[in-house]
Amino acid sequence: VQLQASGGGLVQPGGSLRLSCVASGSIFSIDTMGWYRQAPGNERELVARAGSSGRTNYADSVKGRFTITRDNAKKSIYLQMNSLKPEDTAVYYCNADVARTAYDVYYEYWGRGTQVTVSS
């Protein structure tokens, strides 16, 4: 199972970016998919996640600014980030709980990460 994230970059404060992540490989079912981030010197933290039913939750720091959406048919999630702040600067990682067969339990997978830098 591979998770490929894209869409990071450099943006000015107040700007927007959209991250995408697609899962591929031997996949029977995906439960929760989400985005985490890690800034230098900090621990990795949850940004937003979406369950297979569409239920979402967000870190308090991004509520009202970020929106996570999910396309189950495409095995993809997206993170629309608006009103970006310098403190949003981090490497953003895609995460998914995947069962590879009908008999598997769900295992957690991580993508390699994409850099988001918010700076003037």
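This section describes the strand pairing and the salt bridges of a predicted model.

Four strands form an open sheet, ordered S1-S3-S8-S7. The pairing in this sheet is antiparallel. Strand S1 (2-6) and strand S7 (66-71) stand at the edges. Each has a single partner strand, so one side of each is left without a neighbour in the sheet. From one strand to the next, the twist averages 15°. S7 and S8 run antiparallel and are joined by six bridges. Within this pairing, Asp71 stands opposite Ser76 in S8.

Strand S11 (residues 114-118) is joined to both S2 and S9. Strand S2 (residues 9-11) runs parallel to S11, with three bridges between them. S9 runs antiparallel to S11, and three bridges join this pair too. Val116 of S11 takes part in both pairings. It is the bridge partner of Gly9, and Ala90 is also bridged to Val116. The two faces of S11 can be told apart by their cover. Thr114, Val116 and Val118 make up the covered face. Gln115 and Thr117 make up the uncovered one. In a regular strand the side chains alternate between the two faces of the sheet.

Side chains of opposite charge can pair when their charged atoms come close. Five salt bridges are counted in the model. One of them joins the side chains of Asp88 and Arg37, with an N to O distance of 3.0 Å. Asp88 lies in the loop between strand S8 (76-81) and strand S9 (90-99), and Arg37 lies in strand S4 (residues 29-38), so the pair ties together parts that are 51 residues apart in sequence. Asp88 and Arg37 are both buried. They also belong to a network of salt bridges, in which Arg37, Glu45, Arg65 and Asp88 are linked.

Asp60 and Lys63 form another salt bridge. Their closest N and O atoms are 3.1 Å apart. Both Asp60 and Lys63 are exposed. Asp104 pairs with Arg100 in a further salt bridge, with the closest N and O atoms 3.7 Å apart. Asp104 has a relative accessibility of 27% and so counts as partly exposed. Arg100 is likewise partly exposed. Its relative accessible area is 40%.

Definitions and conventions:
Residues numbered from 1 in each chain as written. Predicted model: local features only at pLDDT ≥ 70, side-chain atom pairs only at ≥ 80, totals over all residues. Heavy atoms only, no water. Salt bridge = Lys/Arg side-chain N within 4 Å of Asp/Glu carboxyl O. Buried < 20%, exposed > 50% of the residue type's maximum accessible area, 1.4 Å probe, protein only. Pairing = 2+ DSSP bridges. Axes fitted to C-alpha atoms, helices over the stretch in contact; angles between N-to-C directions.
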